[in-house]
Structure formats: C-alpha cells, structure tokens
Amino acid sequence: MVLLCLRGTPLPCGDRPLEAVLFDKDGTLSHSEPMLVALAQARVFHCLELADLAAGDPERHRDLGELLHRAYGVSSEGLHPAGTMAVASRDHNLVATATALVQVGLGWPEALAMAEAVFARTDALHGQGSERRPAPTPGLRPLLEALRQAGVRCAVISNDHVDGIEAFLAAHDLASYVHAIWSAEHQPRKPDPAAVRGLCGELGVAVESCALIGDANSDLRMARAAGVPVVLGYRAGWRRPVELDGSFLQLDHWQELTVVPQSASPLAAPSIPAGASQPVGISSPID
C-alpha cells in the first residue's frame with residue numbers, strides 16, 4: 001500500500017490505497033508551448049493568406065490577425081495556459097478560427113471551409129511532426145518509474161487525439177508507463193467528470209483510489225466533481241504563470257512528489273495550506 005506525498009506530507013485517498021494517477025498531457029506531462037505557439041502562428045499566417053484582405057481591406061486584415069491571436073491565446077507574454085491552443089481540442093480550435101473569420105464579415109459556411117483549409121495546411125506542424133517537438137516536463141521520468149515500482153497505474157487524460165498522445169509517449173520512451181488513455185476521440189471529453197469515470201473504468205480502478213494531476217482549473221474541478229480524492233495542480237509547464245484555484249494543492253516540480261509505503265509515511269505530518277506552491281530547495285524554471 002502506497003501514498004503520494006507532497007513536500008513530505010502524505011495525501012491519503014481516504015481509507016483506500018492509491019491505485020492510479022491520471023495525468024493531463026500538454027502543460028503537465030509535456031512542455032508543449034514552443035510547438036503550440038509555432039502551430040498557432042502558422043494557422044494565423046495561412047488564415048490571413050486565404051482570407052486575402054491585406055490589399056483590399058487592410059483594417060479587416062489587421063482585425064482578423066488580432067482576433068486569431070486572442071482566440072488562440074497567443075501574446076508577447078507567451079501562450080495563455082487556459083486558452084484554446086493550450087486546453088481545447090482540434091475541432092474546438094477550428095470552430096474558434098471560423099468564428100474569428102465570421103467576425104470580419106465572412107459567412108459561416110465560407111468561414112468553416114476556410115478554417116478547415118487552414119488546418120489541413122498546418123496539421124503536420126503539430127506534435128512530433130513539429131520542428132519544436134514537445135518534451136517531457138523536468139523530473140517526470142523518475143516519478144513515473146517510482147509509481148511503476150510501487151504498482152500504481154498511470155493514465156493520460158487529454159483533449160489531444162490518440163495519435164498525438166501515443167506519438168509523444170513513444171518519442172520519449174514513456175509508453176510503457178501508461179496503462180490507458182482518454183483522448184479527444186473518447187466520449188465524453190474533458191472536462192466532463194464522466195471522462196474521469198470512463199478512464200477509471202478502462203483502468204479497472206475505483207475513482208476513489210485515484211489521484212489526478214493537471215495544469216488547468218477545468219481539469220482540477222472535473223476531478224473534484226468526479227470524486228477523485230487527490231487532486232493536484234501542476235504549474236511549471238508554461239512560460240506564462242499558471243493561475244490555479246487556490247483551493248487545490250499545487251506543485252512546481254515533480255521532485256516535490258514522492259511515492260512511499262504507507263507504513264513509512266508520517267502519521268501526523270503538518271498539513272499543506274491549500275494552494276501552497278513553494279518547493280523546499282527546488283527550482284524548475286522552463287526556458
């Protein structure tokens with residue numbers, strides 16, 4: 001029987017053993033920001049090219065570029081951790097693109113067709129096809145290995161597609177650590193709490209025996225609504241500071257989490273304030 005400990009304090013699953021940890025992908029398992037920013041910029045470029053407004057209506061051309069950057073959550077400060085590029089599925093990003101086109105005067109059928117053409121041109125830049133391939137967040141592998149050694153199953157719950165999730169895991173030799181995936185192809189998707197229950201069903205474990213770690217409030221609230229007892233916010237996956245609900249425990253480096261036998265954990269450790277974020281002697285900035 002094992003427990004997760006956050007900065008030395010055990011995080012029990014009520015009276016149940018910890019059987020599985022569910023991880024978000026982008027911004028949690030994966031440092032995906034360089035790839036996602038490059039993808040967003042490519043989508044903006046091709047959308048502006050296909051709309052062909054620069055010569056005839058430069059004001060609408062400028063407005064469309066600004067709308068697309070805001071829709072994707074791209075700014076000089078970095079990618080918005082809760083923006084569409086960071087947390088939404090491909091088809092939701094496509095709808096956001098078409099909506100921006102409608103706002104500069106295109107009809108919906110034309111806007112949707114143009115968005116689909118833009119995505120067809122840029123899909124190869126996503127995931128492991130990108131020149132800026134996503135990399136595991138620092139310190140991830142030792143945690144996954146510790147969980148495997150303790151007999152705790154790991155799973156990924158993401159709005160990326162199965163191919164993208166599997167490609168990331170394979171590229172970094174992480175697939176052997178992951179027992180199940182819940183993706184954009186699964187129904188219902190995140191952030192529906194039923195997605196958590198569906199993934200737990202695939203793992204063959206009770207929701208009440210799981211922990212979930214994600215980088216977005218939608219992930220954390222989904223887990224809480226599903227009945228997951230250990231819910232943790234991960235904040236080091238993006239250049240722009242992640243603003244998470246202070247009612248959830250949070251961490252900035254995987255070294256802050258340890259996997260220990262329950263008999264070895266302190267019985268009366270001091271509690272961690274909700275939202276406490278400062279690791280002890282650990283720093284993990286991501287360039």
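View 1. Patches here are made of residues with over 30% relative accessible area and no salt bridge, where like charges are joined within 9 Å and nonpolar side chains (Val, Leu, Ile, Met, Phe, Trp, Tyr) within 5 Å. Areas come from the Shrake-Rupley method with a 1.4 Å probe, and for residues only the protein chains shown count as cover. In this predicted model, local features need pLDDT of at least 70 and side-chain atom pairs count only at pLDDT 80 or more, while totals for chains, interfaces and linings use all residues. Residues are numbered from 1 along each chain as its sequence is written, and side-chain values use heavy atoms, with hydrogens and water left out. Val95, Val102 and Trp108 make a nonpolar patch of about 240 Å². Val95 sits in helix H4 (residues 90-103); helices (H or I, at least four residues) and strands (E, at least two) are DSSP runs, numbered from the N terminus.

**View 2. Inside the largest nonpolar core.** A nonpolar core is a set of buried Ala, Val, Leu, Ile, Met, Phe, Trp, Tyr and Cys residues joined through side-chain atoms within 4.5 Å. Buried means under 20% relative accessible area, exposed means over 50%, and partly exposed is in between (1.4 Å probe, protein chains only). The largest core has 53 residues, and Leu22 and Leu64 are among those with the most contacts inside it. Helix H1 (residues 33-51) gives the most to this core: 8 residues. Skipping neighbours within four places in sequence, Leu22 is in contact (heavy atoms within 4.5 Å) with residues including Ala155, Ile157 and Val196.

View 3. A disulfide is a covalent bond between the sulfur atoms of two cysteines. Here it is counted as a pair of cysteine sulfur atoms within 2.5 Å, and the structure holds 0 of them. Take Cys210: its closest cysteine sulfur, in Cys200, is 3.6 Å away, too far for a bond. Cys210 is also buried, at 0% relative accessible area.

View 4. A salt bridge is a side-chain nitrogen of Lys or Arg within 4 Å of a carboxyl oxygen of Asp or Glu. Lys190 pairs up with Asp24, with the closest N and O atoms 2.9 Å apart. These partners are 166 residues apart and link distant parts of the chain. Lys190 is buried at 10% relative accessibility, and so is Asp24, at 6%. Asp219 joins Asp24 and Lys190 in a network of salt bridges.
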